[in-house]
Amino acid sequence: MSTYVYGIAASSHASLPDGMGGVGEPPMPVRIIKEGELAAIVSDAPEGLRPKRRDLLAHQNVLNEAGGGGTVLPMRFGSVGEDDAAVAGVLAERVDHYKERLTALAGRVEYNVKASHDEEAVLHRVMSENTEIRALAEANRQSGGGSYDHRLQLGEMVAAAVQRREAEDAVDVRHTLEPAADAVSVGPESTGWLANVSFLVARDGADTFVAAVEQLRKGHPHLDVRLNGPLPPYSFVEPGPAESVGSFTGAERVE
């Protein structure tokens, strides 16, 4: 049977609570595989595992419980090795990388920030900032709506201005929050968001980071800013001076 991997810790990591269950129905018993200086927190992998809410929460709960005993490198939901021996082999092959990451992520959590435009507010801002757009809009209004070509021209000008504002605001989100974080990871582009950025934050600096997000909201009232965290530092497990000599499959992040 394949082996489901929740996270990686030092072999000296505190033991897990007895009887802890993980993903699957019924929940698969969680156990630890040790290899040298590292340990993997695992269970058997259920057949046909899908990112259902129950299993997403079970994955998160195992990481939360394990994190109470020390630093854990979280694997994304669905990370699976061929078997226990394969998991141990990855630990042996990537020992330097995982040790470096355990040190770098000690005492740190991840906050994910997504931002999008409030449509009405950003249109108001674009109009107030661009005299050419205002002039054309006023001319169209005075002529009863304007010709088809003028309406088309106005729409194209507004769309281009909003697109430029999106790019500028994406940079502002990152640059405003970056000073309150130890590291930044830009997430994949997704429909509806102009920014999708994860920040690595020291636990004892979390209040400062959250305050920075509030300042971002106040300074950019045309933005809808969504904050998710604290999370295990999923986005920061891979960066580091390591060669990609082995890994576990899986890609879903629990948020």
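1. A salt bridge here is a side-chain nitrogen of Lys or Arg within 4 Å of a carboxyl oxygen of Asp or Glu. Arginine 108 and aspartate 182 form one, their closest N and O atoms being 2.8 Å apart. Arginine 108 sits in strand S6 and aspartate 182 in the loop between H6 and strand S7 (183-186), 74 residues apart. Helices (H or I, at least four residues) and strands (E, at least two) are DSSP runs, numbered from the N terminus.

2. This is a predicted model: local features need pLDDT of at least 70, side-chain atom pairs count only at pLDDT 80 or more, and totals for chains, interfaces and linings use all residues. Residues are numbered from 1 along each chain as its sequence is written, and side-chain values use heavy atoms, with hydrogens and water left out.

3. The salt bridge count comes to twelve. Glu25, Arg54 and Asp55 are linked in a network; within it, arginine 54 and aspartate 55 meet at 2.8 Å, N to O. Aspartate 55 is buried at 8% relative accessibility, while arginine 54 is partly exposed at 35%. Buried means under 20% relative accessible area, exposed over 50%, partly exposed in between (1.4 Å probe, protein chains only).

4. The largest nonpolar core has 19 residues; Val113, Val173, Leu177, Phe199, Phe209 and Val225 touch the most other members. Such a core is a set of buried Ala, Val, Leu, Ile, Met, Phe, Trp, Tyr and Cys residues joined through side-chain atoms within 4.5 Å. Helix H7 supplies its largest share, five residues. A second, separate core of 18 residues includes Val5 and Tyr98.
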